[in-house]
Amino acid sequence: MMSENAKIVIVDDEIHIRSLLEQTLEDLEGEPKILTAANGVEGLALIEREHPRLVFLDVMMPLMNGYEVCAAVRKNPALADITIVMLTAKGQESDRVKGLQEGAHRFITKPFDPDEILNLAREMLGHS
Amino acid sequence: MIKAEHYLKSAWVRRQFELMLPLLSSGISAALQLGGKRLVEFNEAGHDLSEGAPGVRAFPLTLEGEQVGTLLLRLPAQNETAQVEAWGNLLAHSLQGMLEAEHGRRSVARETLESYREMALLQRAVTDLNHSLKPAAVVAALLKEFDGRNNTADYGAVFMRAADNDDCDLAVSFGENAGKDFARLKDSRLFADISVRETGDIVNDLSSSPLWAGDVANFQALLWLPLVADGERLGLLVLASRHIEGFSAADLKRAQTLSSVAATALRNAQLYAAEQKMFQSFVRVIATAIDAKSPYTAGHCRRVPEITLMIAEAAHQANSGPFVDFTLDEDERNAMEIAAMLHDCGKVVTPEWVVDKATKLDCIANRIHLVALRFEVLRRDALIARYRALAEGEKPESAETVYQERLRQLDDDFSFLEKCNTGTEFISSEHLARIESIAQQRWNDTRGENHPLLTENEVYNLAIQRGTLNPEERIIIEYHAVHTINMLSQIAFPRSLRNVTEYAAGHHERMDGKGYPRGLKGDQLSIPARMVAIADIFEALTAPDRPYRKPGKLSWAIDIMHRMKLDNHIDGDLFDLFLSEKVYLAYASKHLAANQIDEVDASRYLAGRGS
Ligand SMILES: [Fe+2]
Ligand SMILES: [Fe+2]
C-alpha cells in the first residue's frame, strides 16, 4: 500500500506533456498528489521542497536540463529515496547511458504509452 | 465517468473566491464541491455549509447534462438574497465555463493519449511480430500480447486457415486447458459463423447468443478478429473470458491494431516459408538426379546429409574437447544440410561411363567381351591348324598335343586379362610385360586384315596400376568437385547460406593438402567442410546398394577411416568424435543391413588420445 499523500512531480517544459502525464497519473489508485514544473530550476526547487516519491523528468529543458536536475537531486543524500524516470524523445535513446550515470532509474520514450506510465508508477510506488 | 474533482485546481478556485467574495459582503461563507470532494471552503465562522442547511444557497455545476459539482454560498443576513443570487450565478457561470473548457481539453487529451497508446503498441508490436520469419513464431508473438504482459483475456488462440480450403486449424493457444476448450469451440455453431465473418467483434455474454449452446463451459465472453492481409483471410484470433462483460471496446481496438501488424508479418512469413520450401525441394531434385544417374551412388546424396548432421550435432553437444566452441543454430543446420545434399552436384556433368567404370575396359560397354571374341577366333584358328596338320599327314597325337597346348595357353592368357580387368589387383611390371606380350599375338578380321590381339587403348587401360580409372578418367571424375564449385557459386545464396559452397566443395580435400580440387590443407577447410568429407567417405564405404561389390562391414569401414586419420587424410578430431559419440553406430542401426553391423572396438582407435 502506498501512503495516502504520496507525491509525484512532473518536470517538462512542454505544457501538453505535463498535462497529458498529469491526466494519465490521475488514474492511479490512492490519489497521489501531482505537482508540475515547467523548467529544470523550478523543478529542482519543487523536488527539494515537496520531497516526492517519484519524479518524471524531461531531458531537454531550458535553464537546467534533466541530467543536471537528476545529478543535483542525487547529490543530496536527504533525497536519496526519490525515484527518477527520465523522459526522452525518440532518437535520444543513446543518451540513456548518461542518464543512468547521473542516477536515473528508468527511461520512457515520448510519445509515451499511458499504460506503461501507469504500470511504471504503480511499480515505483510499490503497489502491484 | 467524469472525475470533475481533477478539473479545477484548488489554488485557482481559491483565488477566484478571494477576488469575488469581498464584492458581496463580509462574513460570507463559500465552498466548492466537485465530484466527491470539497475542493475549496471559505468558512471562518464554521457554519454548516452542506446543501439544504439553513441559509445555504446551492448553485449546481453540470457537464454533459449531469451534475458534477455544487457552488455553496451562505450569507450572515437574509436581506441581500437577490444580490447573492446574482453574484452566485456569476461565480457559478465562471466556474461552469472553466469546467467546460477543461472538459473539452481533456477529451482532446484523451484522444492524444489514445493515439500515444496505439503508437507505442504498434512500435513494440511491429518489432516483436516482425522479429521472426516463421509463421508459428509470428502467431505466438501475437498471442503473447494478450497473455502475460497485458492479461486482457483468460484464454486466447490463433486458428490458421489452410492454404487450399476454408478449414481453420488451431495453431497456438493459452489458458487453462485451452487446447481442449478451443477444440470444442471449433465445433460450435458460433465458430462456424464467426470464422467466415469479414470483421471482428465482441460477444460479451455468450449465453445470449442464439448460436451458443454453452459449448465451452468456461467461456462467458468472446472476442474474435480475422487476420487479413492483402484481402486474404489467413487466420482468426480468438480471445475468451471467464466473465460476462470480459471485453471492452478498447480491447477490441487494441486487438485490431496488433492483428493488422500480425497479419502482414504472418503473410510475409508464409511467403518466406514457401520460398524456402521451394528452394529445398529444388535442392532435393538435384540430389535425386545425381543419385539416379548411377547405381554406384544411389542414395548417396540423400544419406551424406544425414551423416553430416549427425556429426555436427555430436560436435554441438560436446561440452569439452576440440569442439567445445562449435555451435549449431537453425540457419547453420540448414546450410550444412543443403551443402551435403549438393556436394556431388558437379557429377551431373560427369559422363556416366566414367562414373560407372567398374572395370578397366568399360567404355559404354565392357570391351572384355570383344577381347573374348578375339580369343575365340584364335581358338578356332588353333582348331583349323589342327585339322590342317591332320590333312597334311601329321600324326594325330602330336596334332592333338599342339592343339591342346595352344588352347591351354589362350585360356590362361584370357583369364589373366579378365583378372587384370577388374582392377582389384595391383599391376606390377611383370604383369605389364605379360599384357604386352599377349597383345602382340595377332588375329585376322573378316576382311582378312591382320590386327594385334589387344589394341593400344586396351593395353593402356589394362595397364592401370590401381583401380579401373586411367589418369584422364581420374581427372574427369575429380572434375566433379570443380563443377560443384562452379555450379554452386552461380547460386545467389542468401546470407544464412553463404557458406554452402565452401562446405560442399571441400569434400575431396585432405588434411595434408593432397586432396582435390584445390589441394587445401586442414586449417584452410571449415569444420563443416571436413564433416561433409568424413560423411562422404563413410557413406561410400558402407553403402549397401553398390553393384559388383558386397556391402562393407562396419568394422572394415572404421578401420579404413582410421588409416585415413593416420595418413592425415581426414580430420582426426572429427574421426575421434565420430567414434566416441558412436555416430557411426547410430547411423548404422538406422540405415545399414544387419549383416553389415559387426563389433567395432572403438577403444582400440581412440587409445592414446588425450582426454
Ligand atoms: Fe564427391
Ligand atoms: Fe560424394
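What spacing do the donors of the iron ion (ligand 2) follow along the chain? I looked this up in what is a predicted model, where local features need pLDDT of at least 70, side-chain atom pairs count only at pLDDT 80 or more, and totals for chains, interfaces and linings use all residues. I also noted that residues are numbered from 1 along each chain as its sequence is written, that chains are lettered from A and ligands numbered from 1 in the order in which they are written, and that side-chain values use heavy atoms, with hydrogens and water left out.

**Entry on ligand 2.** I read the spacing of the donors as H-x42-H-D-x191-D. The iron ion (ligand 2) is coordinated at 2.0 to 2.2 Å by His300(B) (NE2), His343(B) (NE2), Asp344(B) (OD) and Asp536(B) (OD), where donors are N, O and S atoms within 2.8 Å of the metal (3.2 Å for Na, K and Ca) and sites may look incomplete, since water is not among the atoms.

**Entry on ligand 1.** I then found that the iron ion (ligand 1) is held by Asp344(B) (OD), His480(B) (NE2), His507(B) (NE2) and His508(B) (NE2), at 2.1 to 2.3 Å. Its donors follow D-x135-H-x26-H-H along the chain, and its site is also irregular, with angles of 84 to 171° among the 4 donor atoms. Asp344(B) bridges ligand 1 and ligand 2, two iron ions that lie 3.4 Å apart.

**Entry on the interface.** For the contact (heavy atoms within 4.5 Å) I noted 16 residues from chain A and 15 residues from chain B. The two chains bury about 1500 Å² between them, 50% of it on carbon and sulfur atoms, buried area being the accessible area (1.4 Å probe) that two parts lose on being put together, summed over both. I noted 4 salt bridges between chain A and chain B, each a side-chain nitrogen of Lys or Arg within 4 Å of a carboxyl oxygen of Asp or Glu. I looked up Asp27(A) and Lys3(B), whose side chains meet in a salt bridge at 3.6 Å, N to O.

How values were computed. Tetrahedral: all angles 85-135°; square planar, octahedral: opposite > 155°, others 65-115°.
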